[in-house]
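Student: I would like to learn how to read the structure shown below. Please take me through its features one at a time.

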Amino acid sequence: MSTIIEKGNILVHRVLDIAGEISLVRAEQLLSADAKGPRLNFPTDTRKAIIIKDSPLKVDLGEEILDLPSGKFPVRIFARIWNYGVISVTLELAIPPGTEWGLLVKTAAGLEVSNEIELLAISRKDVLKKRIMPAVINPAEWEIHEDYITYIIEKADGSENPREFIKKVDVAALILAEDRERLADDHRNFLVESAIQYSSSDLAIIDWNSALLIEPDGQRDVADVIEFSLTHLLEFRYYDEMLGRKLEELYDAMDQKRESVANIFRNLYADIAEDSSRKYMEFSEFLGRVENSLKTVGDPYLAVAFKASALEFHFDDWRKSISRKMETLAQISQILHGEVNARRSHWLEIIIIALIAVEMIPMAAELWRFLH
């Protein structure tokens, strides 16, 4: 007998980087009619809350009809504006009551390949960005974005016992959006074993591309934590690529050997090194924000959810990659500064010798006349 879902929602995220920074106070003023309060603070009844400094601004972006192979779905679109230059656009679909698990999996497969989602998210982002442009600092679109899907089950056959429920349904097929092939038991078992719980009635399975949440009370705390983590993942990827580009600039500068007599008093590498130092400070501040965000999680369950997201999104690997590039950048910059300073010292010695020689010309002339 197929499992029937009586109530639930699907959150489809697109996370985009549009600027170096966004003034949320100014953006809230510009969007005062559409901004939906309160700011994100993960409110709960019995648990402590996550308090985020400069909580994101939530904005309603209207409704649309999403056409998928499994049917037409009304979607509510909203966005969150984050102060570190990120906009996360979310499409929310209600799971029709009476949906069979197999149909949900088919819907998941349709969501994974839908081009319409991309177009909707980007068009809404563009309109929103235009409206808040006076609040945008150092605007710069990055072509890379993050996408993620969160499935929230509030009520289904057997969902009152989540541990048994996820053993009964094909969780792997939903998480991996695989509606054609039956996945190996290893995949299924791994996902089931990775589930985390706060109480006996709720459960979360967080994977790298999507998550399944069983929330009988309709809580969105864990879903918000996942979205919060996605914005940080995008920033990690941005800084990693940015540092890679800076290293390439240094390598190119070294290959071209652009230092010459004509510019001995101008260090062409210094501009790159100075910019890299600014980026280093930027990243250090961002990294501190990531670490502090974990410390501010007072709720143990949400802390575990945050750690699970960080693990799936490979935060540690991105940190290590960025740290290696930072160290390499610092070493190369130091070497280049040393070479340029040595070259300047060499030319200064030549200039001093030349000046001394010029000073000696009148004396040599006088001596020549005296001897002759």
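**Contacts of a strand residue**

Tutor: Leaving aside residues up to four places away in sequence, isoleucine 214 touches Ile153, Ser159, Pro162, Phe165, Ile166, Ser201, Asp202 and Leu203. A contact here means heavy atoms within 4.5 Å.

Student: Where does isoleucine 214 lie, and is isoleucine 214 buried or exposed?

Tutor: Burial is read from relative accessible area: buried is under 20%, exposed is over 50%, and partly exposed is in between, with a 1.4 Å probe and protein chains only. Isoleucine 214 belongs to strand β10 (residues 210–214) and is buried, its relative accessible area being 0%. Between isoleucine 214 and isoleucine 166 there are 9.6 Å in space, C-alpha to C-alpha, and the two are 48 residues apart in sequence.

Student: How should the model itself be regarded?

Tutor: This is a predicted model, in which local features need pLDDT of at least 70 and side-chain atom pairs count only at pLDDT 80 or more, while totals for chains, interfaces and linings use all residues. Residues are numbered from 1 along each chain as its sequence is written, and side-chain values use heavy atoms, with hydrogens and water left out. The score pLDDT is the predictor's confidence in each residue, from 0 to 100. The protein chain averages a pLDDT of 82, and 79% of the residues score at least 70.

Student: Over which residues does pLDDT stay under 50?

Tutor: Where pLDDT is low, the predicted coordinates should not be read in detail. That applies to residues 42–49, where pLDDT stays under 50. For these residues the model has 19 contacts beyond four places in sequence.

Student: How many helices and strands does the protein chain have?

Tutor: Helices (H or I, at least four residues) and strands (E, at least two) are DSSP runs, numbered from the N terminus. The protein chain has 10 helices and 10 strands. Of its 372 residues, 47% count as buried. Among contacts with a separation of 6 or more, 77% are between residues 24 or more positions apart.

Student: What is a salt bridge, and how many does a search of the whole structure find?

Tutor: A salt bridge is a side-chain nitrogen of Lys or Arg within 4 Å of a carboxyl oxygen of Asp or Glu. The search finds 18 salt bridges. In one of them, the side chains of aspartate 224 and arginine 80 meet at 3.4 Å, N to O. This pair links distant parts of the chain, with aspartate 224 in helix α7 (residues 221–256) and arginine 80 in strand β4 (residues 71–82), 144 residues apart. Both aspartate 224 and arginine 80 are buried.

Student: Which residue does glutamate 146 meet in a salt bridge?

Tutor: Glutamate 146 pairs with arginine 237, their closest N and O atoms being 2.5 Å apart. The two are 91 residues apart and link distant parts of the chain: glutamate 146 is in strand β8 (residues 145–156) and arginine 237 in helix α7.
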